[in-house]
Amino acid sequence: MKKNRILSRIESEKLMAIIRVQTIERAKEIVNSCLVGGISCLEISYTNENAGEIISQLKKTYKDEVLIGAGTVLDSETAKQAISSGAEFIIAPNFQLSVAKFCHRYQIPYMPGCTSMTEIVEALEAGADMIKAFPTASFYGPKVVSTIKTPMPQVPILSSGGVTIDNVSEWLESGVDCIGVGTLLSKGTGKEIERHATMLRNKVIEFYG
């Protein structure tokens, strides 16, 4: 099943670039740099109105070389537009039942942001595939993952924020299923992004020996 393959790839790669970009040229520069550094899972944020167009063009250019999802998806209308543009998974800073139902209907992985155990349980019951630790990951760092997984070890968690080159191993030790990385993989020159991607990937390789 395609949905299972997508989730398996996200979990196995462990790193996801969170990208807010306005032009396809800059998007391609970031993607090229991430690929050289060993990162091929990417979230394109809908904070920009042309996110759907960028997702569509990136999928046409890179095809299965990259796994591209849509981020900051607040409602089912945006989810529909993103999926029609080629988004392979949906991420949001919040949990929205209508989005969960839409994604579940079409077997597209949904990863809502949750801040409490009550939200997490409600999201999982509605069909969420991973839980985005947002904005708690930025505030509390890796310990937010172990805090959630202590009572509910089965919860798959995508972190968002709070990662540095030096604390990747702490995130992995906490049990995080995938690490969302923003600034390190979206700001600076192509060479800087490539260097950061390479360093992050090497940290993951080192952790798993």
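**A friendly note on helices, cores and cysteines**

1. Let's start where two helices meet: Ile 24, Ala 27, Lys 28, Val 31, Asn 32 and Leu 35 of H2 are in contact with Ile 54, Gln 57, Leu 58, Thr 61 and Tyr 62 of H3. Contact here means heavy atoms within 4.5 Å. Helices are DSSP runs of H or I with at least four residues, strands are runs of E with at least two, and both are numbered from the N terminus.

2. A word on the model: it is predicted, so local features need pLDDT of at least 70 and side-chain atom pairs count only at pLDDT 80 or more, while totals for chains, interfaces and linings use all residues. Residues are numbered from 1 along each chain as its sequence is written, and side-chain values use heavy atoms, leaving out hydrogens and water.

3. How do H2 and H3 cross? Their axes (lines fitted to C-alpha atoms over the stretch in contact, with angles from 0 to 180 degrees between N-to-C directions) come within 10 Å and cross at roughly 45°. That makes H2 oblique to H3; under 35 degrees counts as roughly parallel, over 145 as roughly antiparallel, 65 to 115 as roughly perpendicular, and the rest as oblique.

4. Now look inside. A nonpolar core is a set of buried Ala, Val, Leu, Ile, Met, Phe, Trp, Tyr and Cys residues joined through side-chain atoms within 4.5 Å. Buried means under 20% relative accessible area, exposed over 50%, and partly exposed in between (1.4 Å probe, protein chains only). The largest core has 63 residues, and Leu 58, Ile 90, Tyr 110, Ile 179, Leu 185 and Leu 200 have the most contacts inside it. Helix H2, residues 24-36, gives the most to this core, with 6 residues. Another core, of 12 residues, lies apart from it and includes Ile 10, Phe 89, Ile 91 and Met 111.

5. Beyond its neighbours within four places in sequence, Asp 129 is in contact with Lys 3, Leu 7, Ile 108, Pro 109, Tyr 110 and Pro 156.

6. How many disulfides are there? With a disulfide taken as a pair of cysteine sulfur atoms within 2.5 Å, the count is 0. For Cys 34, the nearest cysteine sulfur is that of Cys 41, 10 Å away. Cys 34 is buried, with a relative accessible area of 0%. For Cys 114, the nearest is that of Cys 103, 14 Å away, and Cys 114 is buried at 2%.
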